[in-house]
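Here's a friendly walk through a protein chain for anyone meeting it for the first time. Have a look at the sequence and the model before reading on.

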Amino acid sequence: MTTSFDRVRTRTGSGGPGPTVDAQGKAALFSHSPVAPSWGRTLVVTCSACHGSTCVSYLHALTLALPSLHLLVVRRDYPSWMRCPSCGRRTWVSLRFC
């Protein structure tokens, strides 16, 4: 038994219309563009392990921060020990308002 993909059309034409424009499908799903924060209602969490920056609401930041440790004087660059929303690990993060 041979496996063939005869029923699958190619994207470059040859027997059908050209590639379709994907207005808000896969391109929006798999894009890595930063999310614009809404002013005054979010925090930016920057992780020291994965170096990802994520905008979270105050309520979501509170759930991530339970339990947490904040050493503002000792650690200047990443003063808070809490769960990172990007990688999900407990690491040192920095928090700032949007």
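What follows goes from the whole chain down to a few of its residues.

## What you're looking at

This is a predicted model, where local features need pLDDT of at least 70, side-chain atom pairs count only at pLDDT 80 or more, and totals for chains, interfaces and linings use all residues. Residues are numbered from 1 along each chain as its sequence is written, and side-chain values use heavy atoms, with hydrogens and water left out.

The chain averages 77, and 60% of the residues score at least 70. Confidence is lowest in helix α1 (residues 26–29), with a mean of 66, and highest in β4, at 91.

## The overall layout

You'll find two helices and five strands in the chain. Both kinds of element are DSSP runs numbered from the N terminus: helices are H or I with at least four residues, strands are E with at least two. Starting at the N terminus, the order is α-β-β-α-β-β-β.

The chain has 98 residues, and 22% of them count as buried. Buried means under 20% relative accessible area, exposed means over 50%, and partly exposed is in between (1.4 Å probe, protein chains only). Take the contacts (heavy atoms within 4.5 Å) between residues at least 6 apart in sequence: 41% of those join residues at least 24 apart.

## The nonpolar core

Ten residues make up the largest nonpolar core: Leu43, Val45, Cys47, Val56, Ala61, Leu64, Ala65, Met82, Cys84 and Val93. β1 (42–47) and α2 (58–64) each supply at least two of its residues, and the largest share, three residues, comes from β1. A core of this kind is a set of buried Ala, Val, Leu, Ile, Met, Phe, Trp, Tyr and Cys residues joined through side-chain atoms within 4.5 Å.

Cys84, one of the core residues, touches Cys47, Cys50, Arg89 and Thr91, leaving aside residues up to four places away in sequence.

## Zooming in on Ser80

Ser80 sits in strand β4 (residues 80–83). Is Ser80 buried or exposed? It counts as buried because its relative accessibility is 4%.

Which side chain does Ser80 join in a polar contact? That of His70, at 2.7 Å. Such a contact is a pair of N or O atoms within 3.5 Å; within protein, one must be able to donate a hydrogen and the other to accept it, and residues adjacent in sequence count only if both atoms are side-chain atoms. Not counting residues up to four places away in sequence, Ser80 touches Leu69, His70, Thr91, Trp92, Val93 and Leu95.

## Two aromatic pairs

Rings of Phe, Tyr and Trp (its six-membered ring) pair if their centres lie within 6.5 Å; planes under 30 degrees apart count as stacked, over 60 as edge-to-face and the rest as tilted. The count by this rule is two aromatic pairs. Tyr58 and Phe97 form an edge-to-face pair, 6.5 Å centre to centre with 75° between the planes. This pair links distant parts of the chain, 39 residues apart: Tyr58 is in helix α2 and Phe97 in strand β5 (residues 90–97). Tyr58 is partly exposed because its relative accessibility is 38%, while Phe97, at 61%, counts as exposed.

Trp81 and Trp92 also pair edge-to-face, at 5.4 Å centre to centre and 65° between the planes. Trp81 counts as partly exposed at 33% relative accessibility, whereas Trp92 is buried, with a relative accessible area of 18%.

Key
pLDDT = per-residue confidence, 0-100.
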